[in-house]
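The sequence and structure are shown first.

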Amino acid sequence: MRTQIYISVTVLILFLKKSDLEAVRVPSPESVSVQCDSYGVEARWEYPEVHQDVYFQVKVKDEFTERDSNRTKNLHLNISSMLFRPAYNRYCVTVTAVRGGEKSDPSDFFIFSFNENAAAYIKCSLDFPEVELSPKDGRLHVQFTNPLHLYRNSPALRDLSEDLKYCIETDQGKNKVCETCQMKQNASCETSVVFSEHRGEYCFSLTGNIGQRIFNPRSSCFTGDIRRYTPFTVYLYPVLGVTLTLLFITGIIILLEKKCNSEMKKKVPSMFPHFFDFGETQSHLPKTLCVVADKVEPHLQIELVEDPEEQTSLVPLSDNKDLEGVYSEDKNSYGPNDLVEDEQSDLSDFYDCPHAPKQKREMSPGDTVDSYGPKLL
């Protein structure tokens with residue numbers, strides 16, 4: 001009887017100890033998941049009991065190494081810095097709860113990867129940057145920012161060695177254009193798309209990848225006419241700008257010219273004080289020229305006539321009565337028919353002094369003419 005009582009008490013004590021141990025054990029986190037995008041990776045979980053003294057620790061394990069995070073009280077943690085070689089690895093994530101010196105069992109693991117060919121619960125992908133669309137020469141010009149510049153802190157682009165290869169599909173997949181964008185050199189990626197038909201709305205689909213890292217497909221549409229011509233204002237504004245610039249420069253030159261002229265007008269009198277002075281300061285005054293005729297008494301020289309038949313009567317020119325007598329005598333002595341042949345020929349030259357001797361007279365230096373009459377000395 002005593003033996004049976006002892007055994008019953010022992011079993012009861014062991015049962016009570018087991019219940020106490022189960023009550024003391026720290027429960028494990030639940031519903032572990034990973035959220036990844038172009039900017040980073042974050043692990044999330046749930047915990048049935050929230051206590052102030054409970055901490056969580058995340059472990060990330062790849063094919064070669066494993067890393068533990070620092071403890072946190074939050075129910076999420078950014079694990080981007082714990083990922084290495086994301087283009088090739090796949091990662092296993094577990095979470096452990098810690099309270100005091102006790103640790104819970106690890107949670108169920110969660111596997112993810114950036115490699116499109118890896119076996120994982122989820123495959124993280126990147127998003128294409130915002131696409132800018134514009135018509136150009138009958139085509140649709142497509143341009144977007146280089147993903148490496150936009151997502152420079154993303155673990156997906158860590159240790160990048162490949163370039164971006166992207167394709168644009170138009171006309172519901174009938175036409176496809178593929179291009180390559182150099183990630184480490186180009187600030188943006190751009191290309192032009194041709195449509196078989198011109199309509200009011202132009203849509204296309206954009207896909208791409210960097211090595212084994214894939215991008216989420218992106219669809220974009222442009223509403224309008226891609227055949228529109230360049231607006232006139234595109235040419236008008238530069239012309240107006242050049243014109244206004246020239247007018248501004250011309251105005252400045254005119255102002256400078258006026259300023260220089262005004263300064264020169266102020267400085268010239270001081271530089272040349274007597275230049276415009278016509279007053280008493282001059283040593284001599286201007287004089288007016290007067291022309292006075294000199295009285296010249298002509299000297300009469302008489303030469304003998306070669307013809308002895310002709311006689312010249314010389315009468316002093318002193319009295320008018322004497323002149324009348326001389327003229328009357330000359331009229332009685334000569335007639336119009338008494339001229340010799342030489343003298344008649346000279347009349348053709350309009351000389352009416354047949355009785356005067358023929359002589360050369362200098363009209364100007366080096367210029368002489370034949371004349372009849374008394375020679376003046």
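In this predicted model, Cys124 counts as buried because its relative accessibility is 2%, under the 20% limit. Cys124 is joined to Cys36 by a disulfide with an S to S distance of 1.8 Å. The torsion about this S-S bond is about -95°, so the disulfide is left-handed. Cys36 lies in strand S1 and Cys124 in the loop between S9 and strand S10 (126–127), so the bond ties together parts that are 88 residues apart in sequence.

**Disulfides**

The structure holds 4 disulfides. With bonded cysteines counted along the chain, their pattern is 1-2, 3-4, 5-6, 7-8.

The link of Cys203 and Cys221 connects distant parts of the chain: Cys203 belongs to strand S16 (residues 201–210) and Cys221 to strand S18 (residues 218–223), 18 residues apart. Cys203 is partly exposed at 32% relative accessible area, and Cys221 is partly exposed at 42%. By contrast, Cys181 is buried at 2% relative accessibility, as is Cys189 at 1%.

**Aromatic pairs**

A search of the whole structure finds 9 aromatic pairs. In one of them, the ring centres of Tyr39 and Tyr151 are 5.2 Å apart and the planes stand at 85°, so the pair is edge-to-face. The pair links distant parts of the chain, 112 residues apart: Tyr39 is in the loop between S1 and strand S2 (41–46), and Tyr151 is in the loop between helix H2 (147–150) and strand S13 (164–170). Tyr39 is exposed, with a relative accessible area of 56%, whereas Tyr151 is buried at 5%.

Phe109 and Tyr121 form a stacked pair, 6.5 Å centre to centre with 15° between the planes. Phe109 is partly exposed at 44% relative accessible area. Ring pairs also link Phe128, Phe144, Tyr166 and Phe215 into a cluster.

**Backbone angles**

Most residues other than glycine have a negative phi. Ser31, in strand S1 (residues 30–36), has a positive phi near 50°. Arg85 also has a positive phi, of about 50°, and is found in the loop between strand S5 (76–78) and strand S6 (90–99).

Conventions
Residues are numbered from 1 along each chain as its sequence is written. This is a predicted model: local features need pLDDT of at least 70, side-chain atom pairs count only at pLDDT 80 or more; totals for chains, interfaces and linings use all residues. Side-chain values use heavy atoms; hydrogens and water are left out. Helices (H or I, at least four residues) and strands (E, at least two) are DSSP runs, numbered from the N terminus. Rings of Phe, Tyr and Trp (its six-membered ring) pair if their centres lie within 6.5 Å; planes under 30 degrees apart count as stacked, over 60 as edge-to-face and the rest as tilted. Buried means under 20% relative accessible area, exposed over 50%, partly exposed in between (1.4 Å probe, protein chains only). A disulfide is a pair of cysteine sulfur atoms within 2.5 Å.
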